[in-house]
Amino acid sequence: MSTTKQDIRALSKEQLMAFFTSNGDKAFRGKQVYEWLWKKGVHHFDDMTNLSLETRLLLNKAFSINHIEVDTMQRSSDGTLKNAIRLHDGLVVESVLIPTPKRTTACVSSQVGCSLDCKFCATSRLKRMRNLNPDEIYDQVVAIDKQSRLYHNKKLTNIVFMGMGEPLMNYNNVLKAIDKITSEEGLGMSPKRIVVSTSGVPKMIKKMAEDNVKFNLAVSLHSAIDEVRTQIMPFNETFPLKDLREALQFWYEKTKRQITYEYVVWDGINDTVKDIQALIDFCKFAPSKVNIIEYNPIDDGEFQQANKSTIDRYVSMLEANNITVTVRRSRGKDIDAACGQLANKA
Ligand code: SAH
């Protein structure tokens, strides 16, 4: 429900401490509340059981906790869980839990809809409605961590920002959420287990490098030829490959970390030797890994997954050039939970 009270999780720990001292209480009370909000993840002031009734009333009067709700949950035959997440203002995003024998991964959203216009992605049809707040991103992770413990008997091991939205177009909030996720006051997860996936916003990739972030970067490349990439990802006109490459070079020089490229191979679009050679050339400036991902159809035509022999040709040519390559199967396709299928259908 929407409310005019201030969302308490927009406050830093210091601001919370100041709230209590200005109300004649101890600063320490702010630390207690902060722990309830982030480490323990409670959604109601009345659940903060070590606070007096008076303190809880004070909080109730001044603040709201704009928490998310898991609205519906769908389970795929492969164990993937898709959650429709309702936000405090009624909008909906989707988050997915992907289990494998070794890990459980949360795929989280960073925006409601998306401002980019990738032709092959269902989310792009929703347009961008708003950015998610840091706590709304954090809450998705907490909800999926709970599901991981419940259904797989282990805590969440990995997070990928590959749900709805372009994380680098909501950079500050994504960074704040990751700070909480990785801090001991939050979930204490290692940033090495987090991947931020971007369509490639050069200015923000440079900013990430300057900010010395510790999580990993994946770039949805799909083509290393401008004319082809612009056709399938029209914003490439504004952020051409030359700028993307220069930003990635800067990222690599600063971080010395391998760059992962996500890549779908489509029939008649990027399936020739020329396409493969361009990808090889693009990858040369830094240690790179190419994840060839399966296409998840979102309509009935324009885009068709290339056949196995075309994919095999990609793999062998990339390997011959010492570029690591993996071919990934899609998960959760039967419930529209796979990459690019998140569009609030259910
Ligand atoms: N905006 C970010 C994150 C969201 S998309 C990005 O572009 O990286 C997550 C991944 O799914 C991206 O690699 C994207 O290119 C891919 N994707 C989008 N639609 C897809 C589809 N229909 N089939 C397979 N992958 C898709």
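Good morning. The count comes to 13 aromatic pairs, where rings of Phe, Tyr and Trp (its six-membered ring) pair if their centres lie within 6.5 Å, with planes under 30 degrees apart counted as stacked, over 60 as edge-to-face and the rest as tilted. In one of them, W38 and Y138, the ring centres are 4.9 Å apart and the planes stand at 80°, so this pair is edge-to-face. W38 belongs to helix 2 (residues 27-39) and Y138 to helix 4, so the pair ties together parts that are 100 residues apart in sequence; helices here are DSSP runs of H or I with at least four residues, strands are runs of E with at least two, and both are numbered from the N terminus. W38 and Y138 are both buried, that is, under 20% relative accessible area, with a 1.4 Å probe and protein chains only.

This is a predicted model, in which local features need pLDDT of at least 70, side-chain atom pairs count only at pLDDT 80 or more, and totals for chains, interfaces and linings use all residues. Residues are numbered from 1 along each chain as its sequence is written, and side-chain values use heavy atoms, leaving out hydrogens and water.

I turn now to Y261 and F282. Their pair is edge-to-face too, at 5.7 Å centre to centre and 80° between the planes. The relative accessible area of Y261 is 0%, and that of F282 is 5%.

Finally, ring pairs link F120, W266, Y295 and F303 into a cluster. Thank you.

Terms used:
Buried means under 20% relative accessible area, exposed over 50%, partly exposed in between (1.4 Å probe, protein chains only).
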